[in-house]
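Colleague: I am new to this structure and would like to know what stands behind the terms used for it. Could we go through them one by one?

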Protein chains: 2
Amino acid sequence: VNYFQIDKNKGSNYIYQQIYNHLKKLILDGKFSTHYKLPSKRELAEDLNVSINSVANAYEQLLEEGYIYTVERKGYFVEDIIQFISQQSTKKQDFPEDLKEHTEPKEGWVSLSHISTDSTMFPYHEWVKCIQKAIKHHQQDLAKITHPQGPFLVRKSIANMVSLSRGVSCEPEQIVIGTGTQPLIQQLMATQPEKIKAAVENPGYARIYKLLKGISIDTYTVNLDEQGIDVKEVEKLNPNFLFITPSHQFPTGTIMPISRRIELLNWASMSKDRYVVEDDYDSEFKYGTDNIPSLQSLDRDQSVIYVGTFSKTLLPSFRMSYMVLPPEILRGYRQKYSDWIHGSNTLDLLALSYFIDSGEYAKHIKKMSNHYNMKRKELIKELEGRFGDKIIIKNVPAGLHFLAELKTDKGYQEIEKRAKKERIEIYTIRRFMLEGENETKGSIQLVLGFASIKTERITEAVNRLYRVIYE
Amino acid sequence: VNYFQIDKNKGSNYIYQQIYNHLKKLILDGKFSTHYKLPSKRELAEDLNVSINSVANAYEQLLEEGYIYTVERKGYFVEDIIQFISQQSTKKQDFPEDLKEHTEPKEGWVSLSHISTDSTMFPYHEWVKCIQKAIKHHQQDLAKITHPQGPFLVRKSIANMVSLSRGVSCEPEQIVIGTGTQPLIQQLMATQPEKIKAAVENPGYARIYKLLKGISIDTYTVNLDEQGIDVKEVEKLNPNFLFITPSHQFPTGTIMPISRRIELLNWASMSKDRYVVEDDYDSEFKYGTDNIPSLQSLDRDQSVIYVGTFSKTLLPSFRMSYMVLPPEILRGYRQKYSDWIHGSNTLDLLALSYFIDSGEYAKHIKKMSNHYNMKRKELIKELEGRFGDKIIIKNVPAGLHFLAELKTDKGYQEIEKRAKKERIEIYTIRRFMLEGENETKGSIQLVLGFASIKTERITEAVNRLYRVIYE
């Protein structure tokens, strides 16, 4: 027998792996007949001038994977192995060019995105401390998968916090923690056995609109007036799930006044299957006056589903959101999701709980609120200084973005193309016009975020924006 | 005017909040007529004996929320506010008793669960260090939402790791990171425009079976023989998505031999729309011999979708899994999920990347592999010692659980009830028998996990198990 050679140089594979690989290849290539008797361990070891142990390990591995079999006191034999019918080689085939990712370097860009936040002022040190506390006190919990809605302890912290800050009254049982508003809404929709008719604001949050459409839910849009969603239109449409952003309409910024809120709640209370989903995505940031209490806090008939997030107050990359379910919907959720494995990292959630309970969360919001308001004022000042009467800013002292109308004959597509060239990240209202016409002759609307831009770059951003629109 | 009194005691609310709350209540209760002119700030301040500032702040807040309006140089007026039609009060209603959570204290329990892992030996210190590295180097990334498939950097680390450890050959582009196997499979299914016919192993992983049924996919079960899934049955059924666990069949533990693997791949390569989903849930733990290469590593026709997880190697509570998509499916994924917001915390993923790249991950697996094998041997020894010829253990040196058959006339329901009473967490095969009869006269089968039990509790666990079955 002289099947192959062994390379005993340093740096080559372990001897037993070489024997294993050679034999495996010979078997797969059909070089042995089926039931061929392999040399004994001693024979092969002598032939290859290696230790019996190396051969024994190789035989053991081949046995385990089913290449060979053994008959007691007779030796090792080659298994009856079927041949591959595919003519392709297992060697890596060329990866299709169109699927390759080419990340554009974003160096030199400035961003007026409404999505990003300021990550430089996050209290990482305190956050890591909370992680360490969670590790110290909850090792048992980390070995398991948690409750489908998230750990009770964490839901309790959130329930306390949201009651204080948003007037939301709920039990920890009613809270469902999720990895974002999208998956939570998807779960919410799945709890409904009957066919759903959904309505969203227009302009509005495009991702929710697309999500609902994507899971085949009848979804309609409702126009806004200066107080928010038009209740007359809602009444006419008669949806059973109405998605709104009353604290700071996305993207127009409108704060829904109390009268309109009561109108909406009255509409919802007229029928048992009408629900209002309150997406409270950035209500923690309210400048000048106190926060506006949530719609849920006014609800008397358990018809509001409150959705909150830590994406704006902590970091969008943390993916932590929650919803507060009325008892009737919670019951359906429990039935549907008893077997669901919760998707967030328990360690992060426990850290969040410590972060809230220790007061760090409230402290951080307060700090960021001052910081964001300063940037907001600065950006508005610069814009008004540079654009003069060519800009109308919808100056609502809340949230992390505002709407601005600019006089220009350029269309949205051109603006977006030019922005890319000027290396400024901006979002036009086009993205949020879910239905109907979005081009208005003589002016455009931009959704301008001020959370992520550095203060010292604001002038530069405004200059670039000016060039995008007027040069 | 003498509307209300102010409490100036320490510990009561801020003065302005008291004014705001009183006025709000009066307005909501209809105590003012519409367009009623409120006293001027100065008047009210004098009446209440408070500062003008306090009144100004209260008016400002009421204005912001739409309770009052202002007319320049005329003063503040009550808005035309609709009344609530609901007769319910906003006060917290009693939370339904059936929805309250009662967590049973698990003190004194021992667990032979296959789900939990040993969280006491996790290198928390090194993990926190990786988190700190990620914070130091990636603050910009944390301010944004990441790529739908997860950060490229992290996918690169995973691609390298899984190539080395499992022979899986792929580009980082092909990797989709997710918060668990369930949501990944759900996404995978959603990429398919055509009607899917799915098949799963029986007995098998019940959660995937339920998931597929739950999203209305035609799902069938295929029986196993001693080599794993029965290819004759697969051919007859002709599914286009076949879900298997070839490295360590769940729950029977069978390692699929090479010949069966080639048979399956040959079956898949006969038609372009046949895919095999390889759920490699615990293949990192292989005792005695080396790891078994993945099915994907043998695939020549891009028909295997590899699914890996960090639930067993790190912690199940971390919720980190990934799938490797063949180019054709990746193309569909990109179209469907371009707008998807990735669900994992970017900070955790970046920490994972450092954890893998620094070698800590491989080191940890090696350590745990020795540790788990020790516990496995100990549990088997104790079981065989206590049960004698009344137990047959399917002793496959892999994974974190094994199957055991025990002679008894008791049925599964009785066993499960008695286990609860004895405070031992065990899973019977009943849970994993997806179709067909699961009671066999004269014996029962248990899925026994050895990862989470403390070594010094093994004897106690075996004693309790004995009492469950024979007393």
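**Terms and values**

Modeller: Let us start with one pair: the side chains of Arg467(B) and Glu422(B) meet in a salt bridge, at 3.1 Å from N to O. This is a predicted model, in which local features need pLDDT of at least 70 and side-chain atom pairs count only at pLDDT 80 or more, while totals for chains, interfaces and linings use all residues. Residues are numbered from 1 along each chain as its sequence is written, chains are lettered from A and ligands numbered from 1 in the order in which they are written, and side-chain values use heavy atoms, with hydrogens and water left out.

Colleague: Why is the pair Arg467(B) and Glu422(B) called a salt bridge?

Modeller: The term asks for a side-chain nitrogen of Lys or Arg within 4 Å of a carboxyl oxygen of Asp or Glu. Arg467(B) and Glu422(B) have 3.1 Å from N to O, so the pair meets the definition. Arg467(B) lies in helix α15 (residues 458-470) of chain B and Glu422(B) in the loop between α14 (412-421) and β14 (424-425), so parts that are 45 residues apart in sequence are tied together. Helices (H or I, at least four residues) and strands (E, at least two) are DSSP runs, numbered from the N terminus.

Colleague: What makes Arg467(B) partly exposed?

Modeller: Buried means under 20% relative accessible area, exposed over 50%, and partly exposed in between (1.4 Å probe, protein chains only). Arg467(B) has 26%, so it falls in the middle class.

Colleague: Which salt bridge does Glu101(A) form, and is Glu101(A) buried or exposed?

Modeller: Glu101(A) forms a salt bridge with Arg334(B), the closest N and O atoms being 3.2 Å apart. Glu101(A) is in the loop between β2 (75-78) and β3 (110-111) of chain A and Arg334(B) in helix α11 (residues 327-337) of chain B, so this pair joins two chains. At 18% relative accessibility Glu101(A) counts as buried, whereas Arg334(B), at 22%, is partly exposed.

Colleague: What makes up the contact between the chains, and how much area is buried?

Modeller: Contact means heavy atoms within 4.5 Å. It takes 108 residues from chain A and 106 residues from chain B. Chain A and chain B bury about 9100 Å² between them, 56% of it on carbon and sulfur atoms; buried area is the accessible area (1.4 Å probe) that two parts lose on being put together, summed over both. Phe84(A), Glu101(A) and Arg300(A) supply 9% of the area that chain A buries against chain B, more than any other three residues.

Colleague: Why is the relation between the chains called a two-fold axis?

Modeller: A rotation of 180 degrees with 0.0 Å of shift along its axis superposes chain A on chain B, with RMSD 0.0 Å. That is the relation of a two-fold axis. The copies are superposed by least squares on the C-alpha atoms of residues with pLDDT of at least 70 in both. Of the residues of chain A, Ser344(A) comes closest to the rotation axis, at 3.5 Å (C-alpha).

Colleague: How do you know that the copies meet through the same surface?

Modeller: Of the interface residues of chain A, 98% are also interface residues in chain B, so the copies meet through the same surface.
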